[in-house]
Amino acid sequence: MSATVDIAFTLNGVETSIRVPVTMSALEMMRDALGLTGTKYGCGEGECGACTILVDGATVNSCLLFAVDCDGRDVVTIEGLAANPLGERLRASFVEHGAVQCGFCTPGFVMQSHHVLTKSPHADAEEVRRGVEGNLCRCTGYKKIVEAISAAERVG
Amino acid sequence: MTRVERYLVPRTIAEAAGGLRDGNVTIFAGGTDLMPQSKSGKAKFGTCLMNIRRIGELRGIKRTASGFSIGALTTITDLRDSPEIKVGFPALWRASDHFASDQIRNAATIGGNLANASPAGDTLVPLLVFDARVVLVSRPNGALQTRTIPMTEFLVGPGKTSRRPDELLTAVEMDAPPPGFTSRFFKFGTRPALDISTISIGLGAVRDGEKLRNVRVAIGAAAPTPIRAPHVEEALEGKVVDGATIAAAVSAADCDIRPISDLRASEWYRHELVHNMLERMLSDVGHG
């Protein structure tokens with residue numbers, strides 16, 4: 001067993017403290033230690049984007065992030081987007097456009113598209129496709145996903 | 001797995017360099033390479049894990065007397081968002097734009113890409129084109145010592161560099177290219193995103209009328225490290241880029257590259273790719 005460290009960070013707007021092994025990933029911390037299972041474990045090596053979270057306003061693969069590196073930072077997971085206007089619009093748009101099939105990739109896509117639209121609110125379809133190039137949908141429902149993201153600006 | 005006994009989060013270069021004197025320290029910043037390598041067993045942790053991401057002075061792109069210094073913690077997204085990089089070092093900008101995915105670009109750092117020294121490391125090929133130098137800092141007996149070495153001396157093998165265990169990679173420096181210098185980067189993979197280069201090529205030169213001067217060619221994933229291609233450069237230097245010059249440069253590439261067969265491509269296919277992509281890039285330069 002490796003050394004453990006106490007860390008404190010903002011998680012979905014709430015001050016959170018936890019003791020974690022130094023080799024643990026942020027994804028393992030979210031799911032196994034904090035019980036936030038909206039963030040998905042897909043590939044575990046940064047290929048699929050299912051574990052996408054926001055850290056200090058930028059998206060990262062939580063499977064590649066050391067949990068200890070969350071210390072002092074502002075972390076948002078899919079659960080934290082529930083109370084967020086753009087997050088809510090994206091969720092509604094995904095439902096309206098039938099952009100959810102098995103649903104496993106959906107939290108990652110919503111997190112990443114939230115980041116894409118925050119950086120570029122009027123992103124065209126090409127920008128959206130580039131923006132979500134790190135997210136895989138194994139049901140291959142990309143057309144509807146891109147449509148849902150592109151339309152999210154207008155939903156609601 | 002080695003038991004990690006200590007975790008260090010230095011705030012300054014001096015503090016980090018002090019911590020490295022103990023030896024057996026594993027350094028990380030973005031974590032995008034170390035995390036999967038440690039999970040797969042490819043990388044073993046030292047007894048001490050050092051997170052250098054809180055060292056503010058390692059971040060950012062700074063102008064120097066001769067060009068630019070890119071701090072080790074500069075992320076690939078920082079490079080991609082930098083107007084100075086886009087205008088002054090287009091091959092490096094292109095490599096940053098084609099780098100993995102947004103999520104990985106937001107976390108991965110140029111220092112990490114260098115220190116990992118993958119033969120397919122995306123930023124290494126353009127950095128070779130720009131004759132970049134790697135800055136290493138140590139603190140052998142209290143005082144900080146800086147060693148600045150060319151990329152070609154830094155990269156010594158797959159995943160191997162000439163960085164000593166007590167040294168911290170703090171920056172990579174590039175001189176402003178000569179006036180009129182244009183550069184390009186091409187990466188071949190099976191899909192545009194999240195792909196490790198099958199081969200990559202960086203090309204830079206000053207156009208002097210019909211001729212090319214100051215030609216620099218670098219090739220990735222075709223030798224134990226990303227390499228400069230001196231035979232290709234010699235075949236192009238001072239020449240008009242016509243069919244004969246391109247043919248000579250393409251066949252000269254075989255003197256420079258030593259590709260292997262792996263799961264991404266066979267040795268034969270890598271030769272073909274280097275030939276065909278180099279030909280395509282040079283035809284493009286010839287017409288542009």
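User: What share of the contacts in chain B with a separation of 6 or more comes from residues 24 or more positions apart?
Analyst: This is a predicted model, in which local features need pLDDT of at least 70 and side-chain atom pairs count only at pLDDT 80 or more, while totals for chains, interfaces and linings use all residues. Residues are numbered from 1 along each chain as its sequence is written, and chains are lettered from A and ligands numbered from 1 in the order in which they are written. Two residues are in contact if their C-beta atoms, placed from the backbone, lie within 7 Å. In chain B, among contacts with a separation of 6 or more, the share from residues 24 or more positions apart is 65%.

User: What radius of gyration does chain B have, and why can it be said to agree with a compact globule?
Analyst: The radius of gyration is taken over C-alpha atoms, and the globule rule is 2.2 Å times the number of residues to the power 0.38. For 288 residues that rule puts a compact globule near 19 Å, so chain B agrees with it. The C-alpha atoms of chain B fill a box of roughly 60 × 45 × 30 Å along the principal axes. The radius of gyration of chain B is 19 Å.

User: What percentage of chain B counts as buried?
Analyst: A residue is buried if 20 or more other C-beta atoms lie within 10 Å of its own, exposed if 12 or fewer, and partly exposed in between, with C-beta atoms placed from the backbone. Of the 288 residues of chain B, the buried part is 49%.

User: How far apart are the centres of domain 1 and domain 3 of chain B?
Analyst: Domain bounds come from an automatic or database domain assignment. Chain B is divided into domain 1 (6–51), domain 2 (57–175) and domain 3 (181–287). Taken over C-alpha atoms, the centres of domain 1 and domain 3 of chain B are separated by 35 Å.

User: In the open sheet of 4 strands in chain B, what is the strand order?
Analyst: Helices (H or I, at least four residues) and strands (E, at least two) are DSSP runs numbered from the N terminus, and two strands pair if DSSP finds at least two bridges between them. The pairing in this sheet is antiparallel. Its edge strands, each pairing on one side only, are β11 (181–188) and β14 (227–228) of chain B. The order is β11-β12-β13-β14 (chain B).

User: Which element gives the most to the side of chain B that touches chain A?
Analyst: The contact takes 26 residues from chain B and 25 residues from chain A. Nonpolar means Ala, Val, Leu, Ile, Met, Phe, Trp, Tyr, Cys and Pro, charged means Asp, Glu, Lys and Arg, and the others, Gly among them, are polar. The side of chain B that touches chain A has 13 nonpolar, 7 polar and 6 charged residues. With 5 residues, the element that gives the most is α6(B).

User: Which strand gives the most to the side of domain 1 of chain A that touches domain 2 of chain A?
Analyst: Chain A is divided into domain 1 (4–77) and domain 2 (84–151), with C-alpha centres 21 Å apart. In this contact, 12 residues of domain 1 meet 10 residues of domain 2. With 3 residues, the strand that gives the most to the domain 1 side is β3(A).

User: Does A:Val55 count as buried, exposed or partly exposed, and why?
Analyst: A:Val55 is found in strand β3 of chain A. Leaving aside neighbours within four places in sequence, A:Val55 is in contact with A:Val60, A:Cys70, A:Arg73 and A:Val75. Because A:Val55 has 19 C-beta neighbours inside 10 Å, A:Val55 counts as partly exposed.
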